[in-house]
Amino acid sequence: MQYDILQTEIEYLKGVGPKRAEVLKKELSIYRFHDLLHYFPFRYVDKTRFYKISEIGSVQSYVQLKGNISRPKMIGAGRGQRMTAVFNDDTGTIELVWFKGFKFLKDKFLSSKKWIVYGKPTNFGGSFNIVHPDIEEFDAREVKMNERFEGVYNSTEKMKNIGLNTKGINKVMKNLIAQVGQAIPENLSDSLLQSFGLLSRAEAFHEIHFPSSQESLQQAQIRLKFEELFYIQLQLLLQKRTRYLKNKGLVFSNVGDYFLNFYNNSLPFELTGAQKRVIKEIRNDTRTGHQMNRLVQGDVGSGKTLVALMCMLLAIDNGAQSCLMAPTEILANQHFNGISKFLKELDIDVRLLTGSTRAKERRVLHEDLESGKVQILIGTHALIEDKVQFKNLGLVVIDEQHRFGVEQRAKLWKKNLTPPHILVMTATPIPRTLAMSLYGDLDISVIDELPPGRKPIKTMHAYESKRLRVFGFMREQIQAGRQIYVVYPLIDESEKLDLKNLMEGYEAISRAFPLPEYRVSVVHGKMNAADKDHEMQRFARGETQIMVATTVIEVGVDVPNATVMVIENTERFGLSQLHQLRGRVGRGGSQSYCILMSSYKLSSDSKKRIEIMVGTNDGFVVAQEDLKLRGPGDIQGTKQSGTLNLRIADIIKDERLMKMARDAATAILEEDANLKLGKNTRILGFVKLLRANKTNWSVIS
């Protein structure tokens with residue numbers, strides 16, 4: 001296939017030239033015809049009809065008018081200066097207003113020419129005006145050209161300064177479409193085009209930039225979205241297949257004494273059906289002779305760590321070592337303490353390695369690791385240091401992998417001649433659509449049950465006026481022997497204000513819950529690590545009944561006796577963070593509560609978040625709603641993945657298309673794994689082009 005014309009340098013396009021090309025490169029990373037072709041309008045304006053001024057009152061959006069402009073007038077001086085003019089047709093008049101750019105307009109309206117005006121009418125003081133309308137001279141010969149849908153492109157100040165506003169981009173885009181036209185090569189097979197009723201690629205690009213109708217625009221969008229999602233999924237599936245065939249893995253053929261002894265004698269509670277299912281999936285992966293790459297998703301408290309531990313025991317039964325890497329020292333310590341507690345009846349060597357580990361301890365640890373004496377190593381990114389060498393690393397467990405870069409993670413894979421099996425855990429539930437995008441090259445397991453005895457957390461919303469009633473409820477819980485978290489937001493831009501709020505809250509709670517009957521801990525990000533840990537441990541031991549804290553406790557210590565989570569200024573938290581905080585309670589057998597405190601001044605988004613939290617405990621439902629409210633770009637960690645830099649598709653709105661694209665890619669590879677059949681020639685050619693251009697559809701591993 002020939003793609004040469006689309007690789008032409010952008011400066012050689014009529015209407016661009018070296019100066020404009022330089023700006024396009026710097027401002028939008030547009031280097032070639034291909035890049036400009038993929039610079040899509042962000043919205044469209046309907047110029048398919050002309051309105052009359054008398055119709056404006058009933059129209060809520062943009063209108064296109066035809067008539068005369070007269071009486072240009074300058075008003076005010078300095079920064080407040082503006083220019084007005086009167087537009088009229090045979091049904092009435094409307095005021096036009098400009099706050100800038102009027103130097104070039106003043107003399108234009110002195111003739112009796114007819115004008116086309118396009119803009120959004122606003123009601124000001126009982127009469128309508130249009131601020132900064134688009135205007136152009138009316139030419140009866142070109143009237144048909146004006147009756148169209150027109151794309152509106154994002155532009156920057158530097159681009160506007162050289163005439164590349166939306167109108168300028170439109171002109172350049174016309175030149176591009178005229179020049180490349182039907183030379184735009186097709187990259188989907190005929191069978192795909194027919195199966196899904198898709199436009200050709202050339203038609204789609206023409207209609208996306210210059211739609212002939214609303215229907216043709218929708219067809220173009222569907223075609224280009226499908227193409228984008230199809231190639232993302234195809235690349236992920238090819239990457240997964242290549243890794244599976246290329247990377248041999250240790251064979252864990254034995255279910256031995258360590259695993260069975262723990263399962264029969266040391267399990268703290270009966271495994272849920274979901275935990276058993278996931279362990280079975282991992283067990284099947286690790287005996288194939290291929291490297292396992294599996295993501296385990298589970299809500300807060302669903303028992304992911306226990307599943308990971310049982311997989312580590314499976315590794316030990318097969319003569320291999322395991323390591324678990326966590327993003328923070330607090331989490332690493334928490335995993336170490338939890339796993340050591342689980343294994344206290346078994347003779348297993350578990351060690352901890354973090355930035356705080358002393359040099360003397362490190363020397364001993366390195367020796368014991370290389371000799372194979374250490375069977376499980378838990379730590380932070382300190383695990384990836386070159387000095388850390390294993391005798392036979394068979395399993396790598398990564399907690400919250402989005403906190404680690406790709407290169408960091410890859411260093412762990414290289415610590416064994418045969419690549420270790422990879423188990424990734426995340427406590428942030430990811431909706432299926434997003435998981436398919438982010439982790440499409442991994443096998444995905446979901447733990448969607450909570451352990452037996454866990455009662456659903458009751459979530460309530462309370463306004464500030466109910467503060468005394470909330471204090472009363474807190475006293476009841478403390479008298480019943482329970483403990484309470486009170487959490488305040490801490491946002492970088494307003495640290496001083498947040499610290500002030502937290503300390504004022506701490507003082508108010510200390511007054512409402514005075515010594516000696518009550519004891520209160522306080523923890524925030526400005527404290528040093530030792531003081532923070534001291535306060536957390538006091539709370540964990542039950543020496544204090546109330547922990548006043550910022551979100552540092554989001555991944556803090558596990559306190560089963562804590563049954564109440566009070567979240568202050570709820571409106572300042574995102575949904576996923578609220579859900580993570582709620583997950584700090586409900587870890588024992590007692591009924592737990594989450595109280596969302598807020599002011600009466602709530603935005604519609606804040607109200608929606610609170611309604612969702614009160615309405616469900618299901619983290620996957622919360623995550624789905626969070627996606628709808630915020631979009632995928634804001635989800636923690638997805639920005640670094642590179643996968644979501646979509647040009648036109650939207651993984652939330654286009655969920656159905658995503659599934660269609662995934663199913664189509666799967667079906668093609670099942671029939672033709674190497675894309676060698678004649679009907680897949682175009683697809684193979686485009687995959688090669690993507691690889692040659694190093695298109696980063698997914699670097700998650």
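Modeller: A residue counts as buried under 20% relative accessible area, as exposed over 50% and as partly exposed in between, with a 1.4 Å probe and protein chains only. This is a predicted model, in which local features need pLDDT of at least 70 and side-chain atom pairs count only at pLDDT 80 or more, while totals for chains, interfaces and linings use all residues. Residues are numbered from 1 along each chain as its sequence is written, and side-chain values use heavy atoms, with hydrogens and water left out.

Biologist: Is Phe342 buried or partly exposed, and at what relative accessible area?

Modeller: Phe262 has a relative accessible area of 0% and is buried. Phe342, by contrast, is partly exposed, and its relative accessible area is 22%.

Biologist: How many aromatic pairs does the structure hold?

Modeller: Rings of Phe, Tyr and Trp (its six-membered ring) pair if their centres lie within 6.5 Å, and planes under 30 degrees apart count as stacked, over 60 as edge-to-face and the rest as tilted. By that rule, the number of aromatic pairs in the structure is 14.

Biologist: What is the angle between the planes of Phe226 and Phe230?

Modeller: Helices (H or I, at least four residues) and strands (E, at least two) are DSSP runs numbered from the N terminus, and both of these phenylalanines lie in helix H8 (residues 214–246), four residues apart, about one turn of the helix. Phe226 is buried at a relative accessible area of 1%, and Phe230 is buried at 0%. Their rings form a stacked pair, with 6.0 Å centre to centre and an angle between the planes of 15°.

Biologist: At roughly what angle do the axes of H8 and helix H23 cross?

Modeller: Axes are lines fitted to C-alpha atoms, for helices over the stretch in contact, and angles run from 0 to 180 degrees between N-to-C directions. The axes of H8 and H23 (residues 681–692) come within 11 Å, and their crossing angle is roughly 80°.

Biologist: Which residues of H8 make the contact with H23?

Modeller: Contact means heavy atoms within 4.5 Å. On the H23 side the contact is made by Arg682, Ile683, Phe686, Val687, Leu690 and Arg691. Ring pairs also link Phe196, Phe226, Phe230, Tyr231 and Phe686 into a cluster. The residues of H8 in the contact are Phe230, Tyr231, Leu234, Gln235 and Leu238.

Biologist: Which strands stand at the edges of the sheet of seven strands?

Modeller: Two strands pair if DSSP finds at least two bridges between them, and here the seven form an open sheet with parallel pairing in the order E12-E13-E11-E14-E15-E10-E16. Each edge strand has a single partner, so one side of it is left without a neighbour in the sheet; the two are E12 (350–353) and E16 (443–447).

Biologist: Which residue in E13 stands opposite Cys323?

Modeller: Strand E11 (residues 321–325) and strand E13 (residues 376–379) run parallel and are joined by four bridges. Helix H13 (residues 359–371) lies across E11, E12 and E13, at about 130° to E12. The residue in E13 opposite Cys323 is Leu377.

Biologist: In the open sheet of six strands, which residue in E20 is the bridge partner of Val523?

Modeller: The order of this sheet is E17-E22-E21-E18-E20-E19, with parallel pairing. E19 and strand E20 (residues 546–549) pair over four bridges in the parallel sense. The partner of Val523 in E20 is Ala549.

Biologist: Over the face of which residue does Arg475 lie?

Modeller: A charge sits over a ring if NZ of Lys or CZ of Arg is within 6 Å of the ring centre and within 35 degrees of the ring normal. Lys66 lies over the face of Phe50, at 5.3 Å from the ring centre. Arg475, at 4.9 Å from the ring centre, lies over the face of Phe513.

Biologist: How far apart in space are Phe109 and Ile69?

Modeller: Phe109 lies in the loop between strand E4 (92–98) and strand E5 (115–119) and is buried, with a relative accessible area of 3%. Not counting residues up to four places away in sequence, Phe109 touches several residues, including Ile69, Pro72, Trp98 and Trp115. Phe109 and Ile69 are 40 residues apart in sequence, and their C-alpha to C-alpha distance is 5.9 Å.
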